[in-house]
Amino acid sequence: MSENKRQLPRKIEETDAGQILFNVPFPAELDAEALQALKKMGPIVLKQPYCIDYIHSYGQDSPFFAGLANGVFLGSREPDTGYTYATPRGHDMTTGAETDWVVLPAEGVIHAFTVCHFGSEEFLPQTPFVLILVHFEGADTLFLSRLMGVDPDAASLDWIGMKVRARYLRNSKFRPTDVYFVPAES
Amino acid sequence: MRDVYVVSGGVSKFTKARPDKTFQAVIKEAYDYAIDDLGLTFPQFTELVDGSVASYFSDHFARQLMAGIMAQDYLGLCPKPSHRVEGGGATGGLCFQEAWKSVASGSMDICVAYGFETMSHVNTWKGNEFIALASDVSFDYPVGGFYSGYYAMMVTRHMKEFGTTVEQLAHVSVKNHINAYHNPYAQKRHRYTIEDVRAAPMVAWPLTRLDICVMSDGAAAVILCSEEGLEKLENASGRRYPRVVVESIGRGTDAMRMADRPHQSFDEFMAKNALAAERDDPDTRAYYQDLWEQGFRYPGVHSFRAGRMASKQAYERAGITDPLHEIDFIELHDAYTSSEIQTYEDMGLCRYGEGGAFAVSGQTFMPGLDYGLNLPDAPVCPVNPSGGLIACGHPVGATGLMQGVFALWQLQGTIGQHFHDDTLQIANARRGAIHSHAGTGTYVTVSILKQAEE
């Protein structure tokens, strides 16, 4: 054996990181009775943080978000049939053909809506907010968006059919909420 | 395809949180119950079972990848074949059908389908966020991802299109909660009124907290087998089991983004989506023709085309032409009161557009129960006799299998034995359907179970 052999660590270094629970109740004597009694022990429940940053690509849909950043609302159109998607789609679901980009009108009508008084954790601070599905003249599918400029406490089925106009965030976040809608007459 | 029998099942009581056990041990509760109900010991069943299918929806909730194999080894099923299925809210229904396939194809004689979800590991609003990740994360989730919001949008369109009312929705909540009052497995056992439902906190207009199912921890297991498998089980236990057969299965799908759902013409609907009885009935054709003339398009966001196609396939394979009168009960995926009403239409219990009126007719209520409602018609085909998701809870991967267990017990006539209360036993139940449904109607399964001829 080499006299210069490196001393390998034989101990995990103690740290103060993470959660530490001191003085956990436990039987002093582990006789048969005490071991049996462990089955009645309450569960240890602890909070574990979980945080991730994803690298998300919009892929073939990227021009849509570039359009929103420039105040343009793009949809997708099947080149032969003219079937038009108000929410972008790279390929048509009927013919399988690659779609072309088209500019959609700045105004549409509300096809369906709701007012969210609760929401997922990320959106809870924004409640109440109004979700709408918008129909555009000349488009065969809808677009999910937010509606501003209406009273969330005055929800009414009469909102369906309301004309709405697109508005764009000045500081684009490159999310579909870079565009949102307001009543057209406001 | 071979005949496939459902012979046994078990359900852990669904509850808000099960911190007392890990998910594998909760599954084992349901699994052990199913084995015990066969009159077999754990080693006896392990010796006979050929493999399994595991069901759970979310790796996020579990914070555990490959949870299926962890259940498989905890249940002592290694090294037998297994795989995990996932399809949102329909995960349990898909699992049931995958187990059916394993047996029907001849790959296995005895297959166990087990499923679970542990939704208590995060707070309710983080849980809603996880569930909302089952929507397009480029276009839908960032707008305000919230499933209750998505379903609420669908029902506002249904209300606008057909005049469906919030009171009609509330009837479903009252029915399912009061049914569950007699089901000891249910998470919520309350006697609510229409007023209670409407006065509950508004979640996503017009859906209140009592229009929406809750999150749960829970597990369920169902054992399916071939004729040969049945013989092996009966030889081992020395008992003869009631014959309940899977008469048919059906599945359908639709676009993940609600916005992408088509708006089909009358002719296309009639050619592709109408049930035979609808196509053949001049009154119904005229009714639909009139709807289209008023601007109705199918499926839009008000109807679940996947639910219709799953039903159509299952009915055609079973020879069912009048589902309301040929099916004795349905365990239906009522994550929302609205989706139960929409599904009445998809399943052909009534015509599209008539779901609201049908919901208050009384035809889907249990006989002999006092709902405190004025219901004009007698029960015909009880829907969610167990209380459904709204009252039983919805631990996603377990839910569709729970439906299979409750349907089996109805067809065995053993509800009283398992519930310690026979109030919910449907007299002479010979054929039942279980319906499992994923995110805004993306995956839907319908399986028909029937008492087999002795």
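Reply: Happy to! One term first: buried means under 20% relative accessible area, with a 1.4 Å probe and protein chains only. Keep in mind that this is a predicted model.

Me: Good. How many residues of strand β7 of chain B are buried?

Reply: Nine of its nine residues are buried, and the strand covers residues 217-225.

Me: And which residues sit on each side of β7(B)?

Reply: On one side you have D217(B), A219(B), A221(B), I223(B) and C225(B), and on the other G218(B), A220(B), V222(B) and L224(B).

Me: What does β4 of chain B do with β7(B), parallel or antiparallel?

Reply: Antiparallel, with nine bridges joining β7(B) to β4, residues 110-118 of chain B. Within that pairing, Y114(B) has A221(B) as its bridge partner.

Me: How many bridges does β1 of chain B make to β7(B)?

Reply: Six, and β1 (residues 5-11) also runs antiparallel to β7(B). Look for V11(B), which stands opposite A220(B).

Me: Changing topic: where is A255(B)?

Reply: In the loop between β8 (244-253) and β9 (263-264) of chain B.

Me: Is A255(B) buried or exposed?

Reply: Buried, because its relative accessible area is 17% and the cut-off is under 20%.

Me: What is A255(B) in contact with, leaving aside neighbours within four places in sequence?

Reply: D260(B), R261(B) and T442(B). T442(B) is 187 residues away in sequence, yet the C-alpha atoms of A255(B) and T442(B) are 6.1 Å apart.

Me: Which element of chain A gives the most to the side that touches chain B?

Reply: β4(A), with six residues. Elements supplying at least two residues each include α2 (62-69), β5 (129-135) and β6 (142-147) of chain A. By type, that side of chain A divides into 29 nonpolar, 12 polar and eight charged residues.

Me: Last one: how much area do chain A and chain B bury between them?

Reply: About 3,900 Å², with 64% of it on carbon and sulfur atoms. In residue terms, 49 from chain A are in contact with 40 from chain B.

Notes: Residues are numbered from 1 along each chain as its sequence is written. Chains are lettered from A and ligands numbered from 1 in the order in which they are written. This is a predicted model: local features need pLDDT of at least 70, side-chain atom pairs count only at pLDDT 80 or more; totals for chains, interfaces and linings use all residues. Side-chain values use heavy atoms; hydrogens and water are left out. Contact means heavy atoms within 4.5 Å. Buried area is the accessible area (1.4 Å probe) that two parts lose on being put together, summed over both. Helices (H or I, at least four residues) and strands (E, at least two) are DSSP runs, numbered from the N terminus. Ala, Val, Leu, Ile, Met, Phe, Trp, Tyr, Cys and Pro count as nonpolar, Asp, Glu, Lys and Arg as charged, and the others, Gly among them, as polar. Buried means under 20% relative accessible area, exposed over 50%, partly exposed in between (1.4 Å probe, protein chains only). Two strands pair if DSSP finds at least two bridges between them.
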